[in-house]
Amino acid sequence: MQKLVINGEKRLCGELKVQGAKNSALPLLAACMLVNGETRLTNCPRLSDVFAAVRILGCLGCKCSVSGDSVTVSAQQPCGCCVPEELMREMRSSIVFLGAVLGRVGECMLSFPGGCELGPRPIDMHLFALRKMGAVITEQHGELMCSCPVGLHGADITLPFPSVGATENIILAAALADGDTIIKNAAREPEITDLANFLLRCGARISGAGSDTITVRGVQSLHGCEYSVMPDRIAACTYLTAAAITGGEITLTGAEASDLDSFLKVLELSGCSVYTYSDRIFLSGTPTLRPVGMVRTMPYPGFPTDAQALATALLTQARGTSVIVETIFENRFHHVSELVRMGANIRVEGKVAIIEGVKDLYGANVMAADLRGGAALVLAGLAAQGTTTVSNIRLIDRGYEEIEKALASLGADIERK
Ligand code: UD1
């Protein structure tokens, strides 16, 4: 099993281009299934989850080719409707294929995604919405059998919580459905807007993406296009934090600063100087990080849960006490016990982490328990005295393209072994 070995206390400085967004590439690849023609996605991150999505498209009868950061999908004659169990297990978010496959083929079989490192990941909102649109769904022995005997039709759907995946699944199912679908309390994440922009380019009729009410007017068919995947917000937060935690300086190119507002505010509160431009973000760190009071993870435009572990790592180095409240997932503090092994002073009470800043972190052998928690350990390792070895890095590789090369280009002493 591969590990990342980091010799810390190097000040990170330099320029880095941010990768394409994993969390946008996956629904965009699912959306390709709806297109009667050929689609080319560029700026696609080269990640195991993206390759799993490409394999799913292959199982569904699409022809796919990958070349560098572009993926071409031809879905003229999709002939499958079954997502194999091993691919469902490999990537829980493959549930986003459900809306697209139902919309295009009229039936879909996949296994129930089950739980994951972050705790239970129910899909009740996805199923409720699709049933309201005419899908008949039965669950048996962990399998979901879905069909739409008289096709999918538009519906008025109010989500009890602005779920990102449920909003994406409804948009995908509604794009070719009969009539109008209105999603109220929709997720407002930039990845939703990216999905809507892609579908609009393919001939879909969608309005309101980015607000809490989205309307989709079903069309007869969609045509292919070329589309560039949006920059990865959380990878951007990660590399900014790498500079911040080492008191360094970074120019992040290709990043969309307006999508990072809530995270940039926390970086500024901690004493970093942040300057944003149309296509880049410049951050200059400080030798003495400040505590930031209380941060609550919230749906967009609130502070992203995916950046919670990154902020926790940063705040271990602040001169004082910060509090992080995780409101989105039940079990998202696995990184804390590992940070404590490195000398951090953090207490978790339920959904709250109380972080007392410490002067020094020390290198240790630690293990990634989830993607962003793993990235947080790498960040802590960059700041720590001595050598940190992070294991189980296949989880980190799910979200970062060659993280060690990106950090080494900024001056980190980091190696994959
Ligand atoms: C997406 C992101 C993930 C991010 C999360 C929240 C992808 C591939 N993943 O995940 O990185 O952390 O948004 O920003 O884009 N829930 C239900 N029932 C449902 C659906 C969700 O109870 O039917 C709950 C979840 O358990 C969780 C909360 O709602 O507690 C948020 O989940 P959701 O927004 O759906 O996250 P994902 O789309 O799974």
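Q: Is D360 buried, partly exposed or exposed, and what is its relative accessible area?
A: The model is predicted, so local features need pLDDT of at least 70, side-chain atom pairs count only at pLDDT 80 or more, and totals for chains, interfaces and linings use all residues. Residues are numbered from 1 along each chain as its sequence is written, and side-chain values use heavy atoms, with hydrogens and water left out. Buried means under 20% relative accessible area, exposed over 50%, and partly exposed in between (1.4 Å probe, protein chains only). D360 is therefore partly exposed, at 24%.

Q: Which residue does D360 meet in a salt bridge?
A: A salt bridge is a side-chain nitrogen of Lys or Arg within 4 Å of a carboxyl oxygen of Asp or Glu. The N to O distance for this pair is 3.9 Å. The partner is exposed, with a relative accessible area of 68%; the residue is K359.

Q: How many residues apart are R46 and E401?
A: Their side chains form a salt bridge at 3.6 Å, N to O. Helices (H or I, at least four residues) and strands (E, at least two) are DSSP runs, numbered from the N terminus. R46 lies in the loop between β3 (38-42) and α2 (48-59), and E401 in the loop between α13 (394-397) and α14 (403-408). The pair links distant parts of the chain, and the separation is 355 residues.

Q: What is the relative accessibility of R46?
A: R46 counts as partly exposed. For R46 the value is 46%.
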